[in-house]
Amino acid sequence: MNWFPLLKTVLIILNVLIRYFYYKEILNIKKFILKKGGMKLDYSLSEEQKMFRQSVRRFAQEKVASLAEEIEESGNYPDELLQMMNQQGIMGLPYETKYNGGGGNLLMMCLAMEELASVCANTAMVPTTQELGAMPIVVGGSEEQKQKYLPKIASGESRISFALTEPEAGSDVASMRTKAHFDGRNYIVNGVKRFISYADVADVMCVFAKTKTLNEENVSAFIVDKNTPGITIGKKENKMGFRGFSSCEVYFENVMVPPENRLGEEGDGFKIAMKTLDKTRPLVGILAVGLAQGALDTAIAFTKERKQFGHTISQFQGLQWMMADMAMQIEAARQLVYKSAYVIDQGELGGAKYGAMAKCFATDVCMKVTTDAVQLLGGVGYMREFPTERYFRQAKLLQIVEGTNQIQRVVIANQLLK
Ligand SMILES: Cc1cc2nc3c(=O)[nH]c(=O)nc-3n(C[C@H](O)[C@H](O)[C@H](O)COP(=O)(O)OP(=O)(O)OC[C@H]3O[C@@H](n4cnc5c(N)ncnc54)[C@H](O)[C@@H]3O)c2cc1C
């Protein structure tokens, strides 16, 4: 007997049955929705988060906004404002409560920094840069190191800088020339760091330097007290914007650093620096969102007042569409930053990619929006009396710090091609 036709028929029937049950399950969308109760994906902030944001907004508007221009012009940051931020717990917000911090997460930091940046980006830069300086200790420090340094950083009693960039090593971090040679008792650090934020006011710095093991040179990370002999702070850079915070060169000449100040093992420095930046880039992104929102708000108010051709300029459709585009871009950037903060807070895979995406997208949006805001104000937008030109100058820096936006695209592409 020839079994082949029978076998073929059975296989066809089986195939049809499998397809039937498979597609019945997959295509029964309604049943799925009803069964899972609609599978709510909650994009909204909780009531508590909204109240927290509201309280920072009030602080920003009542205590910070009126000082923004003076801070940018004078280049001096008022001590009273710093004390107020300490008292309000803003400086300590991201650190764990066991280190006297506020126990906040990255998303909460983003909510707070957005509000500060929308009125005074120099002010938002203070806790943001403090977190950048402290993050190598958070991600690479021992419990003893954390206990020693983080409580003072969280209380604002101690300021900390992040010293990675050098004259010959910017984007190409690994080509750094600063060396840390172990003499049997201490590391002896020699080299130069460049553009280090708040180096003049910092008490402590996280410094990255090359150490040599056998024939191999690797980057190591150290906590360095700034009053250690051999450290000289160079001149304050004369910047285009963000003049309210200092950026300095730092010279290290035979600076003795005890081995207990090394973060992790010898050679862990590059990994610690990258992990740090992965976690702090969303904060640069949110500064950009705040700045862009501030620029848009100022521009909207102006267009409702300014009259040309017998109408307020807000009535011209060409400008309305510009403002609609600006608002759309800001909201998209905000959501991407929140998403990156959420992914990093949850410890989900993809933190590095989302952090780079958020920083890159939001800061590009900020540059575009602040440029358009100047345009909306016409000649006035170019003048110092209005904050719009300040927003515009400040926006440019955000595309450069913590890795230029070209480097963010390299990070994203590397993650995609992994
Ligand atoms: C105001 C300010 C504050 C700063 N604060 C700090 C701080 O606190 N601590 C710290 O360590 N650093 C700090 N920096 C340094 C900052 O992170 C660097 O400036 C930045 O990483 C770029 O390095 P670079 O300036 O040497 O530029 P370069 O690396 O020389 O880049 C020049 C240009 O080449 C592009 N480029 C380089 N490599 C590539 C590539 N592979 N592909 C495509 N394009 C590329 C860059 O995108 C850029 O457009 C600060 C900088 C400024 C301006």
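1. A side-chain N or O atom of serine 197 sits 2.8 Å from a nitrogen atom of the ligand. That's a polar contact, meaning a pair of N or O atoms within 3.5 Å. The protein covers 65% of the 970 Å² of accessible area that the ligand has on its own (Shrake-Rupley method, 1.4 Å probe; for residues, only the protein chains shown count as cover).

2. Bear in mind that this is a predicted model: local features need pLDDT of at least 70, side-chain atom pairs count only at pLDDT 80 or more, and totals for chains, interfaces and linings use all residues. Residues are numbered from 1 along each chain as its sequence is written, and side-chain values use heavy atoms, leaving out hydrogens and water.

3. Back to the ligand: serine 171 has a polar side-chain atom 2.6 Å from one of its oxygen atoms, and for threonine 404 the distance from such an atom to a ligand oxygen is also 2.6 Å.

4. Arginine 281 belongs to helix α9 (residues 269-305); helices here are DSSP runs (H or I, at least four residues), numbered from the N terminus. Its relative accessible area is 4%, so arginine 281 is buried (under 20%; exposed is over 50%, partly exposed in between; 1.4 Å probe, protein chains only). A polar atom of its side chain lies 2.9 Å from the backbone oxygen of glutamate 402.

5. Isoleucine 18 lies in helix α1 (residues 4-27) and, at 58% relative accessibility, counts as exposed.

Terms used: Helices (H or I, at least four residues) and strands (E, at least two) are DSSP runs, numbered from the N terminus. A polar contact is a pair of N or O atoms within 3.5 Å; within protein, one must be able to donate a hydrogen and the other to accept it, and residues adjacent in sequence count only if both atoms are side-chain atoms.
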